Amino acid sequence: MTFAVVGTPGDRRTEMFAAACRSAGLDEPIVVAWRDVLRGAAPAVASGSLLRVDSPGEDAEVDALLRGPGDPARVGGGARWYASFTTALGRVAAAAEQAGARQLGDVDEIAVMCDKRRCHARLRSAGVPVPEALPPVYDYADLRARMTEAGLHQVFVKPAHGSSASGVVALRAGPAGRVKAVTSAARTAAGLVNSLRLRTYETEPEVAYLIDSLAPDGLHVERWLPKAGLDGRVLDLRVVVVAGKPTHVVVRTSCSPMTNLHLGNTRGSVDAVRDALGAAGWERALDVCAQAAGCFPGSLMVGVDLLVQAGWRRVAIGEVNAFGDLLPGITGLPGTWAEGLDTYGAQVSAALALRGPRAAAHHAAPRTVGRDLP
Amino acid sequence: MTINAHLTEFAGKPVVDFRHEQDGEPSDGQPGSSAPGSQTSAGDVAWRVATWFDGPGFGEIFEAFLGTVATAEVTHLVIGYWGASYDQGTPDPVALLTVAAGRLPALRALFLGDIVMEEAEISWIEQSDVTRLFDAFPGLEHVEIRGSQALELRPVSSQVLRTLRFESGGLPAEVVRAVGDSDLPALEHLDLWLGTGSYGGDATTDDLAVILGGERLPALRRLGLEDAQIADDIATAVAGAPVVARLESLSLALGTLTDRGAETLLTGQPLTHLRRLDLHHHFLSDAMMARVRAALPGVEVDLGEQEPLDDDWLYVAISE
């Protein structure tokens, strides 16, 4: 059995997945470069292979093909990125279909997950707890009006097609007309660029500039739920769900409203979080993650961002990420079938355990495979 | 830096959230509940009463607390998020507490405003006239208040208050002076987070004069003048302040202390009698840090969180 991977040759994701294949005694996966797919080449998917679609990653050339030429560090361009990306996904799916390859990730589901508005709507309609979202907003004035209408005074403003906190704004409106925005977007002469250091904007013109710059690419705005904290740091969880089961957990802790690890934040203790939630609370939290993953039954793996609210009694889903499995050094939860496997090893095992002629309904797998996966 | 986690311990007791039945969570198993097998008393813990963003009104939760818990036994109370003025129908927690004073006869320790950054900026926490608390609860021995928006205090009198702490991003000068003018013969521990002028922290060393004189605080052993944009000025004032001689612990932490302030501290009155000197979060040079340590051999000196002086921008640890 051979895997085909649409990804970036040589990047960490592709290398770690290849290593997982080798560990399982399989051939090296055949890597189909996003660069080639985006340039128009027919995706060379081998007949009968298992097809994994991975992130287009941080390759500057790929980024230019998706968003158009420009500084790769710039914020924005999400709408064009999304149009290019979903078109390419369609071609990958068609090629897979033609080659009789089994797709491990349904491309339509990937498209939903890469649009935070659609993702939120799908979760909400399935009864998955999510923060309340605002109706579409088109600029700063509109945003403030919608916030007032909804009675929300703190929100996360997220570019609809962003990743890695790019362009995400934690916005708060306070007494006496005060406003405060925390974001990784830095204002430069050339426009907004991603920064590894968070910026704070506290004047109305600055915040308006920020939101108005981001809005044309589409925004998803939702209530900023106060996150729980431990040892003086706030936290949330990245929970990877493979074949319907939560298998890998990373606690992301921060002194700022953003928990993304590349922003200088650090991993926290899973045990400490489990203790704070209590055994029943922990089970409920993981169930909610599984429920969120259940909204994407054609995806072998999703990366769920789980928000634990201050007080440790309520949880909600922040996002579901199609490519949320880059968790170096993290092995499966003890007691699960993924124990000892990294996220890639777990996916290789789960993919091999799939039965039936098509890749659909991956989430039937755990019932037949359960904890006895190899 | 920001305050990111709710209290887990307060004034020597573990903090337990009061669980409102509308949470959809069972409230049994709480201390002092009537659940079978419960051996505990409502006085064993510090009760945390709070609402959340889309939760019931704080008034409703506080009423449920009064009606559910054996409040006559409650000694420690932590008041968390109660909403904001821009929410509808947000109550005044001080008024609720004072009205309920008769049902909280054993209350000794109160934290007003256990609100974290994720819930509100510290400088946006809306307080009110807290003098009313001291009037309504003469038995209070330990009081901590976080947030200073609209905070007011008039001089108070208590024979039993031992700990008084104000955490803020900017403490109004009127509050600082009111503390100094209060009659607190038993006060052992006083912390004031003075903050910055941008957030209402307009106190000067003149406003601290009565406190530093020490005559009205005969029992004081721990003094913290912290999170101050005017840390160097405070260091200068402290260097000659009579109150210092009786302290065991002094803190000028969280502020903008530079070599200038440290220099005056070292050339002022002896500090070698202190058990502890807390200067963490500072802008001292390596050389000055070494001098401070060398000058105070028997003192536990906290010089953690040396902040970079490279851009001439001095900032307190906690402001917004």
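**Domains, chains and side-chain pairs: a tutorial**

Mentor: A search of the whole structure finds twelve aromatic pairs over all chains. Rings of Phe, Tyr and Trp (its six-membered ring) pair if their centres lie within 6.5 Å; planes under 30 degrees apart count as stacked, over 60 as edge-to-face and the rest as tilted. The model is predicted, so local features need pLDDT of at least 70 and side-chain atom pairs count only at pLDDT 80 or more, while totals for chains, interfaces and linings use all residues. Side-chain values use heavy atoms, with hydrogens and water left out; residues are numbered from 1 along each chain as its sequence is written, and chains are lettered from A and ligands numbered from 1 in the order in which they are written.

Trainee: Which geometry do F10(B) and F111(B) adopt?

Mentor: F10(B) and F111(B) form an edge-to-face pair, with 5.8 Å centre to centre and 85° between the planes. F10(B) belongs to strand 1 (residues 9-10) and F111(B) to strand 5 (residues 109-114) of chain B, so the pair links distant parts of the chain, 101 residues apart. Strands (E, at least two residues) and helices (H or I, at least four) are DSSP runs, numbered from the N terminus.

Trainee: Into which domains is chain B divided?

Mentor: Domain bounds come from an automatic or database domain assignment. Chain B is divided into domain 1 (1-129) and domain 2 (153-320), whose C-alpha centres lie 30 Å apart. With contact meaning heavy atoms within 4.5 Å, seven residues of domain 1 of chain B are in contact with eleven of domain 2. The rule finds one salt bridge across this interface: R154(B) pairs with D129(B), the closest N and O atoms being 3.1 Å apart.

Trainee: What area is buried between the two domains of chain B, and what area between chain A and chain B?

Mentor: The size of an interface is often given as the accessible area lost when the parts come together. Here buried area is the accessible area (1.4 Å probe) that two parts lose on being put together, summed over both. Between domain 1 and domain 2 of chain B it is about 800 Å², of which carbon and sulfur atoms give 59%. Between chain A and chain B it is about 2,400 Å², with 50% from carbon and sulfur atoms.

Trainee: Which residues meet where chain A touches chain B?

Mentor: In this interface, 30 residues of chain A are in contact with 27 residues of chain B. The rule finds three salt bridges across it, including one between R172(A) and E121(B) (2.3 Å, N to O). Strand 6 (169-173), strand 7 (179-188), strand 10 (229-230) and strand 11 (233-242) of chain A each supply at least two residues of the side that touches chain B.

Methods: Salt bridge = Lys/Arg side-chain N within 4 Å of Asp/Glu carboxyl O.
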